[in-house]
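Here are some quick notes to read with the model open beside you.

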Amino acid sequence: MDKYYDHIIHGGDYNPDQWIDTKEVWDEDLRLMDLAKINSATVGIFAWSLLEPEEGVFNFPWLNEVMDKLASHGKKVVLATPSGARPPWMAQKYPEVLRVEESGARNEYGVRHNHCPTSPVYREKTARINRRLAERYKGHPALFMWHVSNEYSGECHCELCQKAFRAWLKKEYHNSLDELNFKWWNGFWSHRFTDWDEISSPKYRGENHVPALKLAWRRFVTEQHLSFYRNEIEPLRELTPDVPVTTNMMRLYKGINYHKFAPYVDVVSWDNYPDWTNGDNADPAAETAFVHDVFRSMKDGKPFYLMESTPSIVNHKPVNRLLKSGVQELAAIQAVAHGADSVQYFQWRKSRGGHEKFHGAAVDHVGNENTRVFRDVSRLGGVLERLDAVVGARTEAHAAIVYDWENAWATEFFCGYHNARRDYDKICQSWYRAFLRRGIPVDVIPADRDFSKYGLVAAPFLYLLGDGVADRIKEYVKNGGRFIATYLTGIVDRDDLCFRGGFPGAGLREVFGVWAEETDSLGEGEYNTVSFGGKTYRAENTCDVLHAEGARILSAYETASFYAGSPAVTVNGYGKGYAYYAAFRPEQAFIDDFCGGLIDELGLVPDAPFPLPDGVFARKRGDVLFVMNFSGGERTVALDREYRDVVSGESCGGGTVLPENGYLILA
Ligand code: GAL
């Protein structure tokens, strides 16, 4: 199913449990929610100590009341499971539920997200409270979706986790220490293991120089969070099979490979807190667009939920500036344009006490509707009510950027070349940007995804090739695809073992028709120059010294010494397709022009059939076109024909002025 409601969900984290002693606020909340056109509330995320004040003693009357009240106002409840934070009694009685840090010290009770994902006690307790919640609220008219835990993250180094890690390794390496020793290259520094118990998690004061161990540990940590999550959802699936399940993810957080979660959630959801400014927001907008497309692509384009965003400011940046009205509204519209079927906030109402009392909320401490932020939220609510046509709509993309968590890990872990600045995320985002500025929709996919539906795939800095990836690239190009690779591509396998026989390895040397003999790193401010299509560009940071072995040279380095004669940009016809290699880290202008040429050649169709001024981005969902002005100033767009403005209902065409942070939603 692609949609769960006919309207865009407009809501957010709602914590009536914090107001249990001043319950008159609950009725006021409902009055205000109606005013702000809020149709949903996410309830109970951190409510465990009220739900189960003593072990085995459950307290649901307050939640019954909240659910009933919300239902009577037609609100959809995104009901949370409370495992993100636990009651103090639990830690006191079962210390094993608490996390152990690298040093081996067990954390004391406190904060949140501080649990061991392996602990059988914690798994049992979470499954039990979840079962109770599902039993109690199955069939409740307000129950709309499950919000499982909150932002799974972090790692635990306790003995239970170490044991589970070893068991996981045994499975991964076919119960063979010989295989593990070989794949981890343990002859190096005398690291050959003779007993599985000699292996433990990477630690600051222990082993932290074996990339294969670090990769294995991240895979294991992902697996542990995932199996914890699957244990959490078991009772929900059993008792409420028709209620969709999600868990909220955090941007491009590297502790977990989020792609592994995708098959197990019904809806992908994420929490978005970019560094918006009161000026030019083209950079944060481009970065955020990329992240939206990562999450949109996670389930093959199925709409995702924007589970959290702030309606005003946050409290956790070094300086938390107020933003002009319009900035957050535009950010919300951007999410919808990129595939979100919800705009949800952290948080509905500011708490009176605690760590987050100064974090932005729809309702401020003054407690009424007479605030700028409340008016902004209400206005946006009105806009979202007019967007039913986009709910459930997918975006068709004919180009893709490969952004791969495993590769992100591997590029973080290896030692050598440019140790100071690897910037995997930034590099992928700069290739993405070339498409964004032209208004070409792109998917952002992991390397193990099927490439065949795309005319063009760019996989910058694909250093690690997981099992089968090289073969799929080969097949893809052979069958007519166009694949772009850059410097340091195809260097290692899944265990960070270098390929033998020249880079790019695993057979890709033949596909790209090049051999990267050496790789050079350049300091800040240093660069080589490369001419391409009549222009000169800077080649920065990392540059392969390349030999063409059949590939056509599109450009060579204009640098003497060992670069002399080294190709910088090549293309190789392979089967029915073409494999491109850019041997260096380019400045943005090169990427824009290079991709621009391919976009034109392939006839990739932009979402907006009119030119987009700088800082103005466009995205289509279904038949609705969003045009968004992040430039920080006024911009005029030359619309190609008459459109209906979905918000005002009026028609518009020709040169249309977009004010600062303005947008058009066109049908
Ligand atoms: C999120 C978290 C919320 C709240 C918010 C503040 O990461 O899930 O509970 O803390 O940040 O911005």
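1. A word on classes before we start: Ala, Val, Leu, Ile, Met, Phe, Trp, Tyr, Cys and Pro count as nonpolar, Asp, Glu, Lys and Arg as charged, and the others, Gly among them, as polar. This is a predicted model, where local features need pLDDT of at least 70 and side-chain atom pairs count only at pLDDT 80 or more, while totals for chains, interfaces and linings use all residues. Residues are numbered from 1 along each chain as its sequence is written, and side-chain values use heavy atoms, with hydrogens and water left out.

2. Now the ligand. Around the ligand you'll find Phe46, Arg112, Asn150, Glu151, Asp271, Tyr273, Glu308, His316, Phe346, Glu356 and His359 (each has a heavy atom within 4 Å of the ligand). By class, that shell splits into 3 nonpolar, 3 polar and 5 charged residues.

3. Have a look at the polar contacts (pairs of N or O atoms within 3.5 Å). Glu356 puts a polar side-chain atom 2.3 Å from a ligand oxygen. For Arg112 the distance from a polar side-chain atom to a ligand oxygen is 2.8 Å, and for a side-chain N or O atom of Asn150 it is 2.9 Å. On its own the ligand has 310 Å² of accessible area (Shrake-Rupley method, 1.4 Å probe), and the protein covers 94% of that.

4. Last, the cavities (sets of points on a 1 Å grid over the protein atoms alone, where a 1.4 Å probe fits but cannot get out).

5. Which residues line the largest cavity? They are Asp13, Tyr14, Asn15, Pro16, Gln18, Trp19, Asp29, Gln347, Trp348, Arg349 and Ser351, each with an atom within 4 Å of a point. That lining has 4 nonpolar, 4 polar and 3 charged residues.

Terms used. Polar contact = N/O pair within 3.5 Å; in protein donor to acceptor, adjacent residues only side chain to side chain. 1 Å grid on protein atoms, 1.4 Å probe; cavity = no way out; pocket = protein on both sides within 12 Å on 5 of 7 lines; lining within 4 Å.
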